[in-house]
Amino acid sequence: MRAVGFDSPGGPEVLRLEQTATPSPKQDDVLIKVAFAGVNRPDCAQRAGMYPPPPGASPLPGLEVAGEVVAIGSGVPAEMLGQRVAALTPGGGYAEFCTAPWQHCLSLPDGMDLKTAAALPETLFTVWHNVFERGMARDGERLLVHGGTSGIGTMAIMLAKAFDIEVIVTCGDEAKCQAARDLGADLAINYREQDFVEVIKEHTGGEGVNVVLDMVSGDYVPRNLQCLAEDGRHVTIAMLGGAKAELFMPMVMMKRLTLTGSTLRPRSDAFKSALADEIAANAWPLFTSGELAPVMDQTFPLGEAAAAHTRMEAGEHIGKIVLEVSGG
């Protein structure tokens, strides 16, 4: 099969199209003929040598795909064969065929576009777990999201608004701020021109936000804590601004703040299966019905994965970048 891999870590230019063996599904796996594969920040981190695949996972990048199930393992229900699915994968999505645990698949209705479906699993699983489970966000609360027009950011806006949560985002320019507002953000702050701490203080009358979804970390963390209301929750999912933060612990104590975070890929198959079940019951119908749809940025052919990574790392995209593998 055709796949995108790399021999040694580096910049986007190390990605190359290659011929490799088609994987065989394990007992609880399905083999998916990939139509489209989503591109995500962890893929870039893996390519750069900073996010190795977990033991037993494919060395190829790619954490989400959509396509047709063409083979199944012995422990998979027979009705999975031939189904159109979107799947969260442990790796290997940048290829014509990819395996995934069958319980990490979400079934697609006949009218659902495969390109749209491929843009959903990674961000949907990540946002649902971190905003609604770890962050315990609920209707009537306020959520602050950094990187409001990223794949994660746009998903967070849509899901939070669907559950009656006020959303504040930060973006790097006015065009991105407007895109976030168009998607439903209640307030979009250009962090290059405004101090988001002061803007949020004014906007909320000093009350602050209940949850922060943070992809920056570093020196953003103490500023985020200033934005949090009493009993607020700070959830870190990436460290684009650095791995270390200096905290003023009396603020944590006085406000009774909770600092948490997670990374999805190393979690157990059982955890991801339970998360998929919760998403299927609570969030997936919003997308299969057409009520919500991912914001799509640009589609690249599989052989131009390097260009896709270059665009993602430049930070110019709004929404999801996907690779077209076989189309459909």
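Is Arg16 buried, partly exposed or exposed? Arg16 is partly exposed, at 33% relative accessibility, where buried means under 20% relative accessible area, exposed over 50% and partly exposed in between, for a 1.4 Å probe and protein chains only. The model is a predicted one, in which local features need pLDDT of at least 70, side-chain atom pairs count only at pLDDT 80 or more, and totals for chains, interfaces and linings use all residues. Residues are numbered from 1 along each chain as its sequence is written, and side-chain values use heavy atoms, with hydrogens and water left out.

**Salt bridges**

- The count comes to 16 salt bridges, each being a side-chain nitrogen of Lys or Arg within 4 Å of a carboxyl oxygen of Asp or Glu.
- Glu18, which is buried at 19% relative accessible area, forms a salt bridge with Arg16, with the closest N and O atoms 2.9 Å apart.
- Arg233 and Glu141 meet through their side chains in a salt bridge of 2.7 Å, N to O, and both are buried, Arg233 at 6% relative accessibility and Glu141 with a relative accessible area of 8%.
- In another salt bridge, of 3.2 Å from N to O, the side chain of Arg142 meets that of Glu166; Arg142 is buried at 18%, whereas Glu166 is partly exposed at 22%.

**Helix packing**

- Helix H3 (residues 121-134) packs against helix H9 (residues 269-282) at an angle of about 85°, with the axes 10 Å apart; helices are DSSP runs of H or I with at least four residues, numbered from the N terminus, and axes are lines fitted to C-alpha atoms over the stretch in contact, with angles running from 0 to 180 degrees between N-to-C directions.

Note on methods: Helix = DSSP H or I, 4+ residues; strand = E, 2+ residues; numbered from the N terminus.
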